[in-house]
Amino acid sequence: MFLLSDLYRVAINVGDRALSPGMKKIVKWDHPAGMKYIHFWAPLMKWSLVGAGFSDMLRPANKLSLNQSISLFATGAIWSRYSMVIVPKNYMLFAVNIFLAFVGAQQLARIAHYRYTHPEVASTTKN
Amino acid sequence: MASLVSRGIASLKSKETRDYLMSTHFWGPVANWGLPLAAIADLKKDPDIISPKMTVALCFYSMLFMRFALQVKPKNRLLFACHLANEAAQLTQLARYINHKYGGPQPMKQYQVPSKSNATTAPPPPPPSAQPARSA
């Protein structure tokens, strides 16, 4: 497990030595929210949430969790504001949360539509 | 003892506390608490509604954000606690899903022949209905 972090550190060191200053400027290598820091990789991981939510479109609507959809939408909406306020400003986090809010809203719409077209389910579910 | 209580209450009524409670630094993590609370509420429900892709994605996401919360300036321990709780909840949901899917007798595949070894297999899952629900 720790082998991965060693690999990552080696890759960063190689990048530090091999990239020319011009190249570093283009890819923003030394930016505080750049590839060397968690501020970059954590929001990149959050795209997997957007992808998983998007792939849930293939699941039938009665198999979606209402609680999770509401919390995904709320977290996406509030975090898109939060990401512009923290230090350093994190545009990747902003973008991913906008998309997460859309995915959450889309799941909510599917659940609402399913319950509207199937009133017997809507009356029996506790939530 | 009384002075401790009165000092505690005074610090809660101070301007820093009010500023903190009005800041996005507080309400961002509060919104994020929705995720672990949703997972804990779903623990009582049918494991059918667990989405395995979403659960695995949330596990990795909370792992990374636990570190993010401690590295961002200023440190956000509320966010850290939220992701710690989420990690635990999502791992529990993942375990429930795996148990539900693979824990019992597996339905026989088409190529298998009934024999003593698969005598206690579950009935095959119902085929998808011929008329899927159409939108209004």
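**Entry 1: the largest pocket.** I sorted the lining of the largest pocket by class and got twelve nonpolar, three polar and two charged residues. For the classes, I counted Ala, Val, Leu, Ile, Met, Phe, Trp, Tyr, Cys and Pro as nonpolar, Asp, Glu, Lys and Arg as charged, and the others, Gly among them, as polar. The space in this pocket comes to about 790 Å³. Of its 17 lining residues, A:Leu4, A:Ser5, A:Ile38, B:Leu64 and B:Arg67 are the closest to the centre. Two or more lining residues come from each of α1 (2–18) and α3 (38–55) of chain A and α5 (52–71) of chain B. Helices here are DSSP runs (H or I, at least four residues), numbered from the N terminus.

A note on terms: I worked on a 1 Å grid over the protein atoms alone, where a pocket is an open set of points with protein on both sides within 12 Å along at least five of seven lines, a cavity is a set where a 1.4 Å probe fits but cannot get out, and lining residues have an atom within 4 Å of a point. Points are joined across faces, edges and corners, and the volume is the space filled by probe spheres set on them.

**Ground rules.** I kept in mind that this is a predicted model, in which local features need pLDDT of at least 70 and side-chain atom pairs count only at pLDDT 80 or more, while totals for chains, interfaces and linings use all residues. Residues are numbered from 1 along each chain as its sequence is written, chains are lettered from A and ligands numbered from 1 in the order in which they are written, and side-chain values use heavy atoms, without hydrogens and water.

**Entry 2: the domains of chain A.** Why does the largest pocket lie between domain 1 and domain 2 of chain A? Both domain 1 (1–30) and domain 2 (34–125) give residues to the lining, so the pocket lies between them. The bounds come from an automatic or database domain assignment. I found 31 Å between the C-alpha centres of the two domains. Their contact (heavy atoms within 4.5 Å) takes six residues from domain 1 and five residues from domain 2. Together they bury about 500 Å², 59% of it from carbon and sulfur atoms; buried area is the accessible area (1.4 Å probe) that two parts lose on being put together, summed over both. In domain 1, A:Tyr8, A:Trp29 and A:Asp30 lose the most area to domain 2, together 69% of what that side buries.

**Entry 3: salt bridges.** I used the rule of a side-chain nitrogen of Lys or Arg within 4 Å of a carboxyl oxygen of Asp or Glu. Over all chains there are six salt bridges, and the count between the two domains of chain A is two. I looked at A:Asp16 with A:Lys36, whose closest N and O atoms are 3.4 Å apart. A:Asp16 is in helix α1 and A:Lys36 in the loop between α2 (21–27) and α3 of chain A, so the pair ties together parts that are 20 residues apart in sequence.

**Entry 4: chain B against chain A.** How many residues of chain B are in contact with chain A? I counted 36 residues of chain B touching 36 residues of chain A. The two chains bury about 3,000 Å² between them, 69% of it on carbon and sulfur atoms. In chain B, the residues that lose the most area to chain A are B:Thr24, B:Met54 and B:Phe68, together 21% of what that side buries. I also checked this interface for salt bridges, and the rule finds zero.
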